[in-house]
Amino acid sequence: DFAMKYFREPSIMSEWKDGGAEGKNPSHLVRHTKVPIQESLIYIVDIELNELATQNFMALMRFMGDQPLQKKHIDVDYLHSILKLCKEKKFLLDEVCCQIIKQITDNPKKESCILGWRILYIFLGYYSCTINLAPYVTSYLQDILMNPNHPFQEIARFCQENIQRTSQFGGRQHLPTSLEMEAIIKGRSTRRISVQMPGKLEHPFKIKSFSVGSDLVMEICATIGITDTEEAKEFSLFADKDNGNVSKPIRWEEYLFDFLLDDNSVRFQFQRIIWREPLHFYNDLNVELHYNQVLPTYLKGQLVFAKDIYEAEQHAAKLAAYQHKSTSADSEPTGQQLKTYLPKPAMGKVNYDAVLRQTLQELNTMHHLSPVEAKKHFLSKCLHNEETKKMLNVNNNI
């Protein structure tokens, strides 16, 4: 139907004249051809755009193996030129999409068809069709998904997911790198990455070519026991480059691959940035993550500290005891160790010997505490009031 409405009249007439009964079937207009087109499929008045459309069709045929590669060119070159054209000439998006669908429909060469489907997958992850074409592309994919015997049912499902993503988030902003294009051409659309959590904890995750920030945040949150979306929104990803010299927050709707480079110089970091929801300590990793994030902030003196000296000493001693228990140490802390447990700004304000005595007394009541339980108590004691949570929000630039 789309072809009948929007394809060039001369193309339709020639198809009908040459095709007999088969040619009179409109679906014949979007079937694979061995011959390069001489004009754009969709009627385009602009001479330059029409020429670019025919050049793109030739690039597509060469990429898919329907035409021989030019000298000194590889398949990645043609994939890049097609994506670049779409980025620079938005008016040709429907044309390029129709060209790809035409070449994967009833294509007798399996390898050619595989490459065609892979470029459709990439195209739909980057660009949205117009409201004129989108329903037909969706219907095309749904017909395939309804056919259990179709050999490309799985990638058709991925294509449909990409349509939904580009509709919701827009497409990716940056063209894929050469290494990513080579991987996708070979059928690899995932990449293993390591996400750094507070305390230099490293956890591996697998992301797809069109994963967005929310995908990875929810997956990481699931590992620390958080499944509620509202609670997960209190956490954020950061793209860290050159060992912290450059750091940028990744919004939920941004594509992860838009931040990655081939040289692995960009790493993802994960931390809590808002402290409205109460801590639940769903599992040990949840405790470890929060403890590793709050402890440095406490030791820098960036949390609320009691103005009353006696109260401040009691508070510091209890938190020092929890820190010592969290290390699994059997012996009492030395005076030197105690200094590492106290906030730097408090060192000149409290009676050091009094804090040490109080810390030892506290430890005598904590024999039953495991390291994880000690960390839970430390966090609960640190975050016992709303003022402290506000301080954490300020320290996270919220």
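These legends describe close-up views of a predicted model.

**View 1. An open sheet of five strands, in the order 2-1-5-3-4.**
Pairing within this sheet is mixed. Strand 2 (201-208) and strand 4 (246-250) stand at the edges. Each of these two has a single partner strand, so one side of each is left without a neighbour in the sheet. From one strand to the next, the twist averages 35 degrees. Helix 10 (residues 213-223) packs on the sheet. This helix touches strand 1 (190-197), strand 2, strand 3, strand 4 and strand 5 (266-272). The direction of helix 10 makes about 135 degrees with that of strand 2.

**View 2. The hairpin of strand 1 and strand 2.**
Eight bridges pair strand 1 with strand 2 in the antiparallel sense. Val 195 stands opposite His 203 in strand 2. Three residues lie between the two strands of the hairpin. In the turn, Gly 199 has a positive phi of about 85 degrees.

**View 3. Strand 1 beside strand 5, paired in the parallel sense.**
Two bridges make up this pairing of strand 1 and strand 5. Gln 196 has Gln 269 in strand 5 as its bridge partner. With strand 2, by contrast, strand 1 pairs in the antiparallel sense.

**View 4. Strand 3 and its pairing with strand 5.**
Strand 3 runs antiparallel to strand 5, and seven bridges join them. Ser 236 has its bridge partner, Gln 271, in strand 5. Strand 3 spans residues 235-241. This strand is mostly covered, with six of its seven residues buried.

**View 5. The hairpin of strand 3 and strand 4.**
Strand 3 and strand 4 run antiparallel, joined by five bridges. Leu 237 has Ile 250 in strand 4 as its bridge partner. Lys 241 is bridged to Val 246, also in strand 4. Four residues lie between the strands of this hairpin. Asp 242 takes a positive phi near 55 degrees. Strand 4 is an edge strand of the sheet, with a single partner strand.

**View 6. Helix 4 packed against helix 9.**
Helix 4 covers residues 75-88, and helix 9 covers residues 178-185. Their axes are 10 Å apart and meet at an angle of about 105 degrees. Helix 4 is therefore roughly perpendicular to helix 9. From helix 4, the contact takes in Asp 75, Val 76, Leu 79 and His 80. From helix 9 come Met 181, Glu 182 and Ile 185. These contact residues divide into four nonpolar, one polar and two charged.

**View 7. Cysteines without a disulfide.**
The disulfide count is zero. A disulfide would need two cysteine sulfur atoms within 2.5 Å. For Cys 159, the closest cysteine sulfur is in Cys 97, 9.2 Å away, which is too far for a bond. Cys 159 is buried, at 0% relative accessibility. Cys 221 also has a relative accessible area of 0% and is buried.

**View 8. Gln 358 in helix 15.**
Helix 15 runs over residues 352-364. Gln 358 has a relative accessibility of 16%, so this residue counts as buried; the cut-off is under 20%. Leaving aside neighbours within four places in sequence, Gln 358 is in contact with Gln 314 and Ala 317.

**View 9. Phe 378 in helix 16, and the residues around it.**
Helix 16 spans residues 371-382. At 0% relative accessibility, Phe 378 is buried. Neighbours within four places in sequence are left aside in the contacts that follow. Lys 318 is 60 residues from Phe 378 in sequence. In space, the two are 8.3 Å apart, C-alpha to C-alpha.

Note on methods: Residues are numbered from 1 along each chain as its sequence is written. This is a predicted model: local features need pLDDT of at least 70, side-chain atom pairs count only at pLDDT 80 or more; totals for chains, interfaces and linings use all residues. Side-chain values use heavy atoms; hydrogens and water are left out. Two strands pair if DSSP finds at least two bridges between them. Axes are lines fitted to C-alpha atoms, for helices over the stretch in contact, and angles run from 0 to 180 degrees between N-to-C directions. Contact means heavy atoms within 4.5 Å. Angles under 35 degrees count as roughly parallel, over 145 as roughly antiparallel, 65 to 115 as roughly perpendicular and the rest as oblique. Ala, Val, Leu, Ile, Met, Phe, Trp, Tyr, Cys and Pro count as nonpolar, Asp, Glu, Lys and Arg as charged, and the others, Gly among them, as polar. Buried means under 20% relative accessible area, exposed over 50%, partly exposed in between (1.4 Å probe, protein chains only).
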